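The following note sets out points for a colleague who is reviewing this model.

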Amino acid sequence: MQNETLRQELTPEGLADFVPQIKAPAGGHPEGALLDKYGRRISYVRLSITDRCDFRCTYCMAEEMTFLPREAVMSLEECLRVASVFVGLGVTKLRITGGEPLVRKNAMWLIERLGALPGLDNLVLTTNGSQLDRFAPALHDAGVKRLNISLDTLNPERFKKITRIGDLAKVIRGIAAARDAGFRRTKLNAVMMRGTNDDEFVDLVRFAIENELDISFIEEMPLGDIHGRNTTYISSEETRERLSHHFELVPSTEDSGGPARYWRMPGSETRVGFISPHSHNFCDSCNRVRITAKGELYPCLGQNDATNLLTALRAGDDDLLRQAIIDSMGIKPFGHDFTQQMEAPKVVRFMSMTGG
Ligand code: SAM
Ligand code: SF4
């Protein structure tokens, strides 16, 4: 369906055709409606639309994963409703994630509607890139503003080893398809792992420069019970130091609104970012919450406290849903406390449960 047509249908009245209970915000956003107890305004939601994935990345999942039964997962209509209520509470940015969001059946049905939701200014998506050669044009047409694509290596065998099943060539085709579809400033995400991909950081930055992409290096987080993390951990500082022998890295003051800190390279548009939950705690400016595929609201990626939104969603009571979201602000902690002792995970969920 054409996005413009959808946009017309998704007036507050039109929205009711899809989602009967939604009250779209009348007269704009109630500024500050979602303030946590530390005074941080929540304007950004990361919505996981599936816990399933067509890869099994070693740092993200166990080899044998048990996925949620279908009835435990929010329907696409429920995803749209929960997103709409957040937008009504002043949220302006939404990231669709997973699991792998593009393996969810009919994901485009939801994405088209989110792209047309009045008040949602910034719809973005994180993907492993495996399905992008198929979906990139539709995502762009739907109003997705920017893509993050995970890429930890440029070596096909290594890629297969890290993802256990992935095909690097397909992801590279996906990156090209995103560009052809009109996406600009797509960002690569690379998890840093000593002894696995740390000899490729320079090549990954070169690839980003050649393909006019940004790139963020991510410190591995202790999510889920995966052994051996404390031997693979590398700090952002170490990677930056290593890269500085090959590239002139100029600190950038720009703020993406996220946890990454960026460096620019003269003569290139590429930004090199570092997401450093261990070595640089970014919690004091946290503006986000996460919703899992089964409708739990996690106010912090690094803590176990959550609010169940599914009951209110399935009761069809949006006032209850709105109140549950507002109340969840009370349990947003000041911050995570990931330690570098990665062997005993503090958070027992895998990243694919909470959405990256
Ligand atoms: N499947 C999509 C993808 O891979 O981009 C979206 C979901 S994935 C969970 C989101 C991001 O989380 C990816 O960039 C992935 O590399 C990152 N990630 C997963 N497990 C992680 C961990 N333990 N530490 C740091 N990053 C992790
Ligand atoms: Fe799947 Fe993304 Fe997790 Fe890899 S990081 S297993 S692609 S959800």
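1. Two strands are taken to pair if DSSP finds at least two bridges between them. Helices (H or I, at least four residues) and strands (E, at least two) are DSSP runs, numbered from the N terminus. In β9, Arg-261 has Phe-274 as its bridge partner.

2. On provenance, this is a predicted model, in which local features need pLDDT of at least 70 and side-chain atom pairs count only at pLDDT 80 or more, while totals for chains, interfaces and linings use all residues. Residues are numbered from 1 along each chain as its sequence is written, chains are lettered from A and ligands numbered from 1 in the order in which they are written, and side-chain values use heavy atoms, with hydrogens and water left out.

3. Overall, the chain holds 13 helices and 12 strands. Of its 356 residues, 57% are buried, where buried means under 20% relative accessible area, exposed over 50%, and partly exposed in between (1.4 Å probe, protein chains only). Contact denotes heavy atoms within 4.5 Å. Among contacts between residues at least 6 apart in sequence, 75% join residues at least 24 apart.

4. The 12 strands form an open sheet of mixed pairing, ordered β7-β8-β9-β6-β5-β4-β3-β2-β1-β10-β11-β12. Its edges are β7 (250-251) and β12 (307-308); each has a single partner strand, so one side of each is left without a neighbour in the sheet.

5. At the β7 end, 2 bridges join β7 to β8 (residues 261-264) in antiparallel fashion, and Val-250 stands opposite Arg-264 in β8. β8 then pairs with β9 (residues 271-275) over 4 bridges, again in the antiparallel sense. These two strands, β8 and β9, form a hairpin with 6 residues between them, and Gly-267 in the turn has a positive phi of about 90°. Elsewhere in the sheet, β10 (residues 288-291) and β11 (residues 296-298) run antiparallel and are joined by 2 bridges; the partner of Ile-291 in β11 is Leu-297.

6. Strand β1 (residues 44-48) runs parallel to β2, with 5 bridges between them; Tyr-44 has Lys-93 as its bridge partner in β2. In a regular strand the side chains alternate between the two faces of the sheet. Lys-93, Arg-95 and Thr-97 point one way from β2, whereas Leu-94 and Ile-96 point the other way, and all are buried. β2 is thus mostly covered, with 5 of its 5 residues buried.

7. How many residues of α3 are buried? The count is 12 of 13, so α3 is largely enclosed by the rest of the structure. Just after α3, Gly-90 takes a positive phi of about 100°.

8. Val-91 lies in the loop between α3 and β2 (93-97). At 0% relative accessibility, Val-91 counts as buried. Val-91 and Tyr-44 are 47 residues apart in sequence and 5.6 Å apart in space, C-alpha to C-alpha. Leaving aside neighbours within four places in sequence, the contacts of Val-91 include Leu-34, Ile-42, Phe-86 and Gly-119.

9. A nonpolar core is a set of buried Ala, Val, Leu, Ile, Met, Phe, Trp, Tyr and Cys residues joined through side-chain atoms within 4.5 Å. The largest has 93 residues, of which Phe-86, Ile-111, Leu-114, Leu-139, Phe-217 and Leu-243 touch the most other members. Helix α3 (residues 76-88) supplies the largest share of this core, 8 residues. Not counting residues up to four places away in sequence, Leu-139 touches residues including Leu-102, Met-108, Val-144 and Phe-183.

10. In α7 (residues 168-180), the buried residues are Leu-168, Val-171, Gly-174, Ile-175, Ala-177 and Ala-178. Their cover includes α5 (132-141), β4 (146-150), α6 (156-163), β5 (187-192) and α8 (201-210).

11. Ligand 2 is surrounded by Cys-53, Phe-55, Cys-57, Cys-60, Met-61, Gly-99 and Asn-128, a residue being near a molecule if one of its heavy atoms lies within 4 Å of it. By class, this shell has 5 nonpolar, 2 polar and no charged residues. Here Ala, Val, Leu, Ile, Met, Phe, Trp, Tyr, Cys and Pro count as nonpolar, Asp, Glu, Lys and Arg as charged, and the others, Gly among them, as polar.
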